[in-house]
Amino acid sequence: MENLLDLNFLIESFPAIVSRLPITIGIAVGSLVLSLFIGVFTALIKIYKVPVLSVISSIYVSFIRGTPLLVQIYLVFYGIPKIIYFLQIEYGWLQSADVNSIAPEVYALLAFSVNLGAYLSETIRSAIESVDRGQFEAAKAIGMSPTAMMLKIIFPQALAVAIPNLGNMFISTIKDTSLVFIIGVVDIMGQAKILGSRGLAFFEVYIAVSIVYWILCIIVERVLVKIEKRARRYERGIAA
Amino acid sequence: MIKLENIHKYYDSQHVLKGINLEVSKGEIVSILGPSGSGKSTLLRCINFLEQPTSGIVEIGGKRVDVESASKADVFALRTSTGMVFQQYNLFKNLTVLDNVMIGLTSVKQLKKDEAKKKSLDILERVGLTNRLNHYPAQLSGGQQQRVGIARALALNPEVLLFDEPTSSLDPELVDEVLATIRSVAATGKTMFIVTHELQFAREISDRVIFMEDGVIVEEGTPEQLFTQPKAERTKQFLSKASRNK
C-alpha cells in the first residue's frame, strides 16, 4: 500500500528542525530591536522635517516598500562585501574587516533590520502623530526638554497605539526569515530543506516546519496580547 | 512681578495680539475676559512660549526676555517660572496622579525621588486628592483631573499660574470643586492670570479684570469698576450679553 506520508520521518525530523530555532528567533528578534532604532530615528526625521535627511528617509522607505525582500537580501549579501572590499583597496579603510569571515547570519540580520525599519518608521510616525497635542504642550509648559518629553510622555503613549501593528509586522518577519536559507543561513527552514533532500521526503519536512512556525507564531501572539495590555493599562477607565 | 511690553503676535498675516502692555505685581490675581477669538488665550500662551510671540518683551520675576532674540535658556526660564492649567486638563495620560505631579520635579528640577514625592504629596493634599495617588487620569472625573492639573502646575512653585479657561470643559456640577481649588490657591498669595468665562467667579476672586477684544486690551480695572461701571461701549455689550446668557 502506498503511504501518503512517512509519519516516522516527519516526527523524527522535528528535533533537528527545532534545534535551529535559535537562528530563526535570533534573526527575528535581533532585527526587531535594530529596526526599532531605525524606525524611531526615521520617524523623528520625518516628523521634525529635518532637511536633506527627510528626503533620504523618504527614498529609503519608498525603495524598501517597492522592492521584494528577496532582492533586498541579495543586495545586502552581495553588495556589502563588495563595498567593504572596494573601501579597503581604494581608501585603505576597514583594514581589519575580513570580508570572507562575515557570517551569513550577519547579512540576514542587516537585511531584515533595514527592511523592517522602513515599515516600522511609518507605523511609529503615525503613532507619534496620534498622540494628543495637549500632551506635548503640557510637557513643554513644565519645562521638559524635548528628549525627556519624548522618552517619558510621548513614546510610551505612541507605543501603546503602535503595538498591534508592530506585533503584526514582527510575526510577518518571523515568517519571512524562511528566506534566509538562500544566502546560506541554516534556520529552521534551511534545516527542513536539508533533511528533505537527504530523505527525499519534502512533504513531510515542510509539514514539520510549518507546524514549528505555527506554534512559534501562536506563542508570540499570546505574548503580544500581554504586552499590549500592559502598555495600555492607563487607558482603562476603572480604578485598578 | 510680571511685565508684558508691547506683545504682538501674528499667525501668518493675521494680527491676533496688537501690542499688549501689562504689569502685574506679586500676588495679584488678574482675570482676562473677552469673546472667543479676542486673543486672550493666545496672550496666556505667549507668556510661556507655547506660542512664540512675534515681538515684544516678557519679564517674569526679574528675568527679562526680548521675544525676538529669546534663547532656549530664556524659554526654559519662562516656562519654569510659570505653571499652566489647560482647558482640556492635558494630564499625562500614561502617568499616575502622583507621577503627573512629580515628573516636573524629577525630570525638570532634578530633585531626588523621595524629596519630589514628599513635595508632591503635600501639593496633592492641598487639592484634596491624596486618595487617588495611583489612579490614571482616565480613571478620574473631569473635576479631579483639573485639580491634578492645578497640582502639577503648582509643583514647580512658579512665580505665576496661568489658567486657560480651567472650567470650560467641565460638567456644570464639577465646576464648583475646581473653582474652590483655585480659590484656595489664590488664598496662598500666588500671582494668577485667569482666562475665564465664569464672570461671577472672576468678579469675586480677581484684584483686576481685563476685557480684551480683537487683540487689544479694551478696558481694565477692579472688578467693581469693570462690572458695575464699564466705560467702553464694547465692555458694556459683552457683560450684558454674557450675563443674560447665564
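Is B:Asp74 buried or exposed, and what is its relative accessible area? B:Asp74 is buried, with a relative accessible area of 15%, where buried means under 20% relative accessible area, exposed means over 50%, and partly exposed lies in between, for a 1.4 Å probe and protein chains only. This is a predicted model, in which local features need pLDDT of at least 70 and side-chain atom pairs count only at pLDDT 80 or more, while totals for chains, interfaces and linings use all residues. Residues are numbered from 1 along each chain as its sequence is written, chains are lettered from A and ligands numbered from 1 in the order in which they are written, and side-chain values use heavy atoms, with hydrogens and water left out.

**Chain A as a whole**

- The secondary structure of chain A comes to nine helices and zero strands, where helices (H or I, at least four residues) and strands (E, at least two) are DSSP runs numbered from the N terminus.
- The C-alpha atoms of chain A fill a box of roughly 80 × 60 × 30 Å along the principal axes, and 40% of its 240 residues count as buried.
- A:Gly30 has its place in helix α2 (residues 21-47) of chain A, and its relative accessibility of 21% makes it partly exposed.
- Although A:Gly30 and A:Phe112 are 82 residues apart in sequence, their C-alpha atoms are 9.0 Å apart in space.

**A charged patch on chain A**

- A patch of positive charge on the surface gathers A:Arg222, A:Lys226, A:Lys229 and A:Arg236; such patches are made of residues with over 30% relative accessible area and no salt bridge, like charges being joined within 9 Å and nonpolar side chains (Val, Leu, Ile, Met, Phe, Trp, Tyr) within 5 Å.
- One of these residues, A:Arg236, lies in the segment after α9 (202-231) of chain A, and with 52% relative accessibility A:Arg236 counts as exposed.

- Helix α1 (residues 40-47) of chain B is largely enclosed by the rest of the structure, because seven of its eight residues are buried, among them B:Leu43, B:Leu44 and B:Ile47.
- Just after α1(B), B:Phe49 takes a positive phi of about 65°.

**Salt bridges**

- Over all chains the structure holds 20 salt bridges, each being a side-chain nitrogen of Lys or Arg within 4 Å of a carboxyl oxygen of Asp or Glu.
- B:Glu5 pairs with B:Lys3 in a salt bridge whose closest N and O atoms are 3.7 Å apart; B:Glu5 is partly exposed at 22% relative accessible area, and B:Lys3 is partly exposed at 23%.
- B:Asp74 forms a salt bridge with B:Lys63, the closest N and O atoms being 3.0 Å apart. B:Asp74 lies in helix α2 (residues 72-80) of chain B and B:Lys63 in strand β5 (residues 63-66) of chain B, so the pair ties together parts that are eleven residues apart in sequence.
- B:Arg208 forms a salt bridge with B:Glu220, with 2.7 Å between the closest N and O atoms. The pair links B:Arg208 in strand β9 (residues 208-213) of chain B with B:Glu220 in strand β10 (residues 216-221) of chain B, twelve residues apart.

Methods:
Accessible areas come from the Shrake-Rupley method with a 1.4 Å probe; for residues, only the protein chains shown count as cover. Lys and Arg count as positive and Asp and Glu as negative; His and the chain ends are not counted. The place of a charge is taken as NZ of Lys, CZ of Arg, CG of Asp or CD of Glu.
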